[in-house]
Amino acid sequence: MADASQTDAKLVESETTETDAVAGVAVGLSAVLFSLSVAAMFERVSLTGSLLGLPTVTLLGGLLTALGVAVVAFGAGSRLGYVETDPDPSAGLVAGFGAAVPWIVVGGSVASQTLALGTAVGVVAGMAVGGVAFALTVLPREDVGSTLPLGSLLALTGLVFLTGVIGPAWVWELDWAQQAAITAEFLIPVATLFSALYGGWASAKAYGGFGARGRHMGAYVLVYLNALSIVAFLFILVAFVVVQGIPGLLNGVELGLGSGPQTTILGVSVTLPVSVPFVMNGVALFNDFQGVLPAIVGTVWLVLGAVVLAVPLGVGAALFLTEYADRGRFTQVVEIATNGLWSTPSIVFGLFGFAFLIPRFGNGKSLLSGMVTLGFMLLPLVVITSREAMLSVPDEYRDASAALGVSKWQTIRSVVLPAALPGVVTGVILGVGRIAGETAPILLTMAGGTFVPGSQTVDVLGSFQFTSAPPFVANPALLEATSALPYQLYALISAGVGASSNVGNADEFRWATALVLLVVVLSFYAIGIATRYYFRRRLKHT
Amino acid sequence: MSEKTTQQTQTAQPDADPSPTTTTGETVEQTRDEWTDYEFRGETKIAVEDLDVHYGDDHALKGVSMEIPEKSVTALIGPSGCGKSTYLRSLNRMNDRVSSARIDGSVRLDGREIYQDGVNLVELRKRVGMVFQSPNPFPKTIRENIAYGPKKHGDLETGLLARLLNRSDADERDELVERCLRDAALWDEVSDRLDDNALGLSGGQQQRLCIARCLSVDPEVILMDEPASALDPIATAKIEDLIDDLAEEYTVVIVTHNMQQAARISDQTAVFLTGGELVEYGDTDQVFENPHSERVEDYITGKFG
């Protein structure tokens, strides 16, 4: 009977106890510390200021110490039998190395720098301290091994912050040879970040009661925090550009009927009801507000041209490789060549355009050279992804079609291509994402200027002319130097402060350009994703 | 009669027997041509003579000769790797799609040789349709799946241009779709969702859709490669009933691993054994109840294979 009830207790975990709550709070505390450290790293939280009425560094130190003490206490409680857990005999080698690394850093830095004993002693001391941490993790039972070294590391870091040994004004001047210094602004967030990760790991293991379940919890928390930080970094990056770019973008915005410029849409002259000078003007002497319209239009045409060039070629090549060519030496060579082409640095493509295309297209930097260069850059990715997509179309479809007496080309057109389209579109999305922001090739092939007058806005559709001599159609717009957003941004930055006389606040102008570039690239993404969604829905059952 | 006795004597005294042995030293039964001579009433639809198929160095089918009667069900049985699927795929030249395949011998459809220059594969495969082991509808709507073949052959025009020129065959198409689905016993289940994606159907429905798709190009012969092996018993029963009905109008050749199934649905049965040999071919009742070959008897009663 006693055995049975014990088994029951193990099978069905009892409701939350106080000890579980302690471990749970510790996990939550690590998450809070993690977000605080990320915020501090991006200066969203000031280290010299205060938070919740306490100086920030003191608060961080206090939280770290509390977390460390809680983790150690939990481990000790478990070892002494006050807390019911299910630990393994050892925390394992991975945990051992995990604990050794930060202790090597701490031991080494303290010996060589704080105690000024020199590099050699520092290395030895670091190894010794790391070795002790390793032994303390691996040798005792898991509940002690996975809490004691990490918990004491946290408590130590926390105490260093609390006691002000490392405060907001702390600086570590590195050797003159490195000409750099590690400041508190960098060290405190980074140390907190890693401590929070370790603390989260240790307390999650404790929360799971150690053993297999504890390790699962630990891994879960680590992976979750990692995923979260990726989202956070992306969000911070975008938010940063938006916050910096908005003032410049909204400079002189007017809403209301008739406030915008006149345009012709489908032959009808319309006065737009909104005016955003930054994206509707070029730069001119008598403009009230300056803008980057020529570069936006240039970027759109550039990407369209590259896609129109690369997609039919790439899809055709992929079709030949998957459906017609026998798999052998030749397809292998083509495959290696495409992969190599995809990894070729963009400046090399730019040089190729500069040396090969420009002399052939009117001997001057032009939109056409840019389109062709970027088309060549896009080509390998379109080939690779289209090939993957076509290979993943099941052979059963081809068999079924052949068994109905349908010819190979008709099978490809009606069955293989539709089934491969979402994959092809994915490839084009990825490729466009890369080439739309590419600066080096267009720097060499189509250039443009730092401040482009609105009159230089490229008008590809309106520039087609018929000529009496072959090739009977000409388009001068394609052969003119054209500006694109990435290049203009680069030119604005390298132009330096002298630029400010032209556009009022040059800094705002730059950030707004960056924001517009981001928005243009993201809109290409959005178009691509919508297209893929459309084709996928046609394939999936409803 | 005397053959069978000889056969038994041979196995009773393996040491005294001069018949060839395999590398393992096991006695191999000598197959006899009489075992595959099957005299049937009715017309011959397909006549196969000395058919050899190699995949690279692998000799998959060895000198198979058999005649398949019209408007009946012929079952091909045998253990895995015995060449029965290869044989089936030779009948509509699907083996041509395997680049390493080499095919010798003769296959005549209604007396016309299909392995010769100038054979129109489109026409051949329209006349000899095929249903595969796993259901493989296209990722399109049910209607499009059925109309696919006729459309590609130019028998139906429903495209944008046809609609603009006001000569769209939409009505003919819908009639065709209904007729094929009825013939495949699927109409009642899907008539209200013809524009749903075919991948949303159950496995059994998908397989009947594939049969309907096969019927859409008006074949004379239907080849089926283990059509029910991926299906549950109820769906299998439906397919079997369907095959029974189809045999009134079409010549059905079916490969199956399921011996009961072969016994239930077929009029004649061909047994292939390991090595790509056709060992026995005859009336289904005779093959199952009173086979000439001992190896066939062992296989049918489950002693090997």
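These legends walk you through several close-up views of a predicted model.

**View 1. The contact between chain A and chain B.** Let's start where the two chains meet. Chain A brings 21 residues to this contact, and chain B brings 27 residues. Together they bury an area of about 2000 Å², with carbon and sulfur atoms giving 58% of that area. On the chain A side, look for A:Tyr397, A:Ala403 and A:Leu404: these residues supply 29% of the area that chain A buries against chain B, more than any other three residues.

View 2. A:Asp399 forms a salt bridge with B:Arg97, and the closest N and O atoms are 3.0 Å apart. Which elements of chain A give two or more residues to the side that touches chain B? They are helix H15 (395–403), helix H16 (408–436) and helix H20 (506–539). H15(A) provides the largest share of that side, eight residues. Sorted by class, the side of chain A that touches chain B has eight nonpolar, seven polar and six charged residues.

**View 3. Helix H15 of chain A and the residue that follows.** Stay with H15(A) for a moment. This helix is largely enclosed by the rest of the structure, because seven of its nine residues are buried. The buried residues of H15(A) are A:Tyr397, A:Arg398, A:Asp399, A:Ala400, A:Ser401, A:Ala402 and A:Ala403. One of them, A:Asp399, is the salt-bridge partner of B:Arg97. Just after the helix, A:Gly405 takes a positive phi of about 80 degrees.

**View 4. The largest nonpolar core, and another apart from it.** In soluble globular proteins, nonpolar side chains tend to be buried together. The largest nonpolar core here has 66 residues, of which A:Leu302, A:Leu367 and A:Leu485 touch the most other members. Several elements of chain A give two or more residues to this core: helix H9 (211–249), helix H11 (293–324), helix H14 (367–391), H15, H16, helix H18 (485–495) and H20. H11(A) gives the most, with 11 residues. What does A:Leu302 touch, leaving aside residues up to four places away in sequence? Its contacts are A:Leu367, A:Gly370, A:Met371, A:Leu374, A:Ile442, A:Met446 and A:Ala484. Apart from this core lies another, of 49 residues, and its members include B:Val190, B:Leu215, B:Val279 and B:Tyr299.

**View 5. Two salt bridges within chain A.** A search of the whole structure finds 23 salt bridges over all chains. In one of them, A:Arg141 pairs with A:Asp143, the closest N and O atoms being 2.7 Å apart. A:Arg141 counts as partly exposed at 30% relative accessibility, whereas A:Asp143 counts as buried at 0%. A:Arg434 also forms a salt bridge, with A:Glu438, and here the closest N and O atoms are 3.6 Å apart. A:Arg434 is partly exposed at 26% relative accessibility, while A:Glu438 is buried, with a relative accessible area of 14%.

View 6. B:Arg182 forms a salt bridge with B:Glu178, and the closest N and O atoms are 2.7 Å apart. How are the two placed in helix H6 of chain B? Both lie in this helix (residues 170–183) and are four residues apart, so about one helical turn separates them. An α-helix has 3.6 residues a turn, so residues three or four places apart point the same way. B:Arg182 counts as partly exposed at 46% relative accessibility, and B:Glu178 counts as partly exposed at 27%. Elsewhere in the view list, salt bridges that share partners join B:Lys45, B:Asp110, B:Arg127 and B:Glu220 into one network.

View 7. Our last stop is B:Ser216, in the loop between helix H8 (203–215) and strand E7 (221–225) of chain B. Is B:Ser216 buried or exposed? With a relative accessible area of 6%, this residue is buried. The B:Ser216 side chain reaches the backbone oxygen of B:Arg213 at 2.5 Å. Not counting residues up to four places away in sequence, B:Ser216 touches B:Ile146, B:Pro150, B:Leu176 and B:Cys180.

Definitions and conventions. Residues numbered from 1 in each chain as written. Chains lettered and ligands numbered in written order. Predicted model: local features only at pLDDT ≥ 70, side-chain atom pairs only at ≥ 80, totals over all residues. Heavy atoms only, no water. Contact = heavy atoms within 4.5 Å. Buried area = accessible area lost by both parts, 1.4 Å probe. Salt bridge = Lys/Arg side-chain N within 4 Å of Asp/Glu carboxyl O. Nonpolar A, V, L, I, M, F, W, Y, C, P; charged D, E, K, R; others polar. Core = buried A, V, L, I, M, F, W, Y, C linked by side-chain atoms within 4.5 Å. Buried < 20%, exposed > 50% of the residue type's maximum accessible area, 1.4 Å probe, protein only. Polar contact = N/O pair within 3.5 Å; in protein donor to acceptor, adjacent residues only side chain to side chain.
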